[in-house]
Amino acid sequence: MTSLYQERREDEAMGAQSGERLVEVDGLKTYYGEEGGLLGGKPVKAVDGVTFDVHRGETLGLVGESGCGKSTLGRTLMQLETATAGSVEYDGTDITTLSGKKLKEWRQNVQMVFQDPDSSLNTRMTVGELVMEPLNVHSWKTPQKRRERVRELLDVVGLSEEHYYRYPFQFSGGQKQRIGIARALALEPDFLVLDEPVSALDVSVQAKILNLLDDLQDEFGLTYLLIAHDLSVVEHICDRVAVMYLGNIMEIGPVDAIFDEPANPYTNSLLSAIPEPKPNAEKSRITLRGTPPSPRDPPSGCVFSTRCPYKIRPDAYENLDDDVWEGIEVFREVLRERGDVTKSVRDRLRGLLGMETTGMDVEEVVADTFDQLDVPSDVQQYIDEAVEHVERDDLVSAQEVLHEEFGSVCENEEPEQLAVGDTGRVSRCHRHREEYMGTQTYQDVHDFS
Ligand code: ADP
Ligand code: MG
């Protein structure tokens, strides 16, 4: 490669060592449909206040269930979506305020690789034209130099000169993704957002593309944000990982630290879903209660509070029988799902713990949940009060009664990002606060004192 690449590689290697920040994201929000219209004008809070950095030369993984806002976050970092609030500083410049010529200039530094190479490549262009397109758009050097550059890029991504005049349909999925990568590299970017770059590929091809990305990163000193839902990919490729739930980053830090000992209850349940044949790992799969809330109507306090197995109880109920407590949580979740106007009836039917609760009247739900249990009379009194409200079709009051009595800090206060351990990891959970560390069962699972 050219000497330009050489110089840059040395720079970036130094940056990576010192943890220099290339991208600094602060309080970033991206809402869809804010202009009103859809569903009572409630916007989709796809990204709802994230603060993190991407270090120069690293691969930062971004994981979380489908719909949690990963692509929206990636697209907002690229300025393909407009931020609703907050800032994104790239190399010290707030890019959310750029427009026109400045924006176009800046765009050369950053590129995106998409999941589906089929839909991201124009089928009527030859491979050579496809890879040259970004060079043409930015009037890169001379036409002669552009052709040379395209040949060089084909070589870099493991394609050959003879592919220049062929069309995408003549290529396999893996080869098409190589074309996508060549396009992304054309303008010598520093930062790539890779949005599930191998999800659409066969497993055998996935490894090849991931190795290619790894080699390219070393060769050109690239910085990656790698969006993935396959956690094993993240574990093997990334330096750090950010875990997203309902538009929030719940935990971010070094991959090893997070995979070995997740600090955040959400990370813990997400990781419990990976089958891992480690001899001594006593990991049991955690099944979460209920369904994920809608990003149009996220829970108050901690966004994970409606499903969290480690939710903090109010003091008065710390010693309440665990099954009764779980019953109260399930009952509250039933009411929340019933009240969730953004969910289809079908979603609500599928809802909870295998219970088909929508068709049941509220007395039956309560009977099902509490009948075998020894419910203290003071608890029973609030349940009865809630049932009365439901019978008068007043779901809101029912929810309020239960929230007031059984709600805790988890539903009332948004957790801050707190440092956990000394690896630079941060996590958003009230459990990390001194006063809540020792309560109930959490300390058995997470001993970070
Ligand atoms: P992920 O990549 O984690 O699967 P997305 O960022 O694609 O999540 O979506 C986050 C949320 O935003 C989802 O609820 C999705 O339905 C919604 N969403 C994504 N794009 C749009 C859009 N263009 N308009 C409205 N809602 C959208
Ligand atoms: Mg996505």
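## Conventions

Two strands pair if DSSP finds at least two bridges between them. Helices (H or I, at least four residues) and strands (E, at least two) are DSSP runs, numbered from the N terminus. This is a predicted model, in which local features need pLDDT of at least 70 and side-chain atom pairs count only at pLDDT 80 or more, while totals for chains, interfaces and linings use all residues. Residues are numbered from 1 along each chain as its sequence is written, chains are lettered from A and ligands numbered from 1 in the order in which they are written, and side-chain values use heavy atoms, leaving out hydrogens and water.

## The eight-stranded sheet

Strand β3 (residues 59–63) runs parallel to strand β9 (residues 240–245), and four bridges join them. Leu62 has Ala242 in β9 as its bridge partner. Both strands belong to an open sheet of eight strands. Its order is β6-β7-β8-β3-β9-β10-β12-β11, with mixed pairing. The edges are β6 (110–113) and β11 (417–420), each pairing on one side only. On average, neighbouring strands of this sheet are turned by 20° against each other, direction ignored. Axes here are lines fitted to C-alpha atoms, for helices over the stretch in contact, and angles run from 0 to 180 degrees between N-to-C directions.

Two helices pack on this sheet. Helix α7 (residues 173–185) touches β6 and β7 (191–195). The direction of α7 makes about 170° with that of β6. Helix α8 (residues 203–220) touches β3, β7 and β8 (223–227). The direction of α8 makes about 155° with that of β8. Contact means heavy atoms within 4.5 Å.

## The four-stranded sheet

A second open sheet has four strands in the order β2-β1-β4-β5. Its pairing is antiparallel. Strands β2 (44–55) and β5 (93–94) form the edges, and each pairs on one side only. Five bridges hold β1 (residues 21–32) against β4 (residues 85–90) in antiparallel fashion. Asp26 stands opposite Ser87 in β4. Lys29 has Ala85 in β4 as its bridge partner.

β4 and β5 pair antiparallel over two bridges. Glu89 stands opposite Asp94 in β5. The hairpin of β4 and β5 has two residues between the strands, and Asp91 takes a positive phi near 50° there. Helix α2 (residues 70–77) lies across β1, β2 and β4. It runs at about 120° to β1.

## The ligand site

A polar backbone atom of Gly67 is 2.6 Å from an oxygen atom of ligand 1. For a polar backbone atom of Gly69, the distance to an oxygen atom of the ligand is 3.1 Å. Thr72 places a polar side-chain atom 2.5 Å from an oxygen atom of ligand 1.

## A helix pair

Helix α14 (residues 362–370) and helix α15 (residues 377–391) have axes that come within 10 Å and cross at roughly 155°. That makes α14 roughly antiparallel to α15, a label for angles over 145 degrees.

On α14, the contact uses Val362, Glu363, Val366 and Phe370. They meet Ile383, Val387, Val390 and Glu391 in α15. By class, the contact has six nonpolar, no polar and two charged residues. Ala, Val, Leu, Ile, Met, Phe, Trp, Tyr, Cys and Pro count as nonpolar, Asp, Glu, Lys and Arg as charged, and the others, Gly among them, as polar.

Key:
Angles under 35 degrees count as roughly parallel, over 145 as roughly antiparallel, 65 to 115 as roughly perpendicular and the rest as oblique. A polar contact is a pair of N or O atoms within 3.5 Å; within protein, one must be able to donate a hydrogen and the other to accept it, and residues adjacent in sequence count only if both atoms are side-chain atoms.
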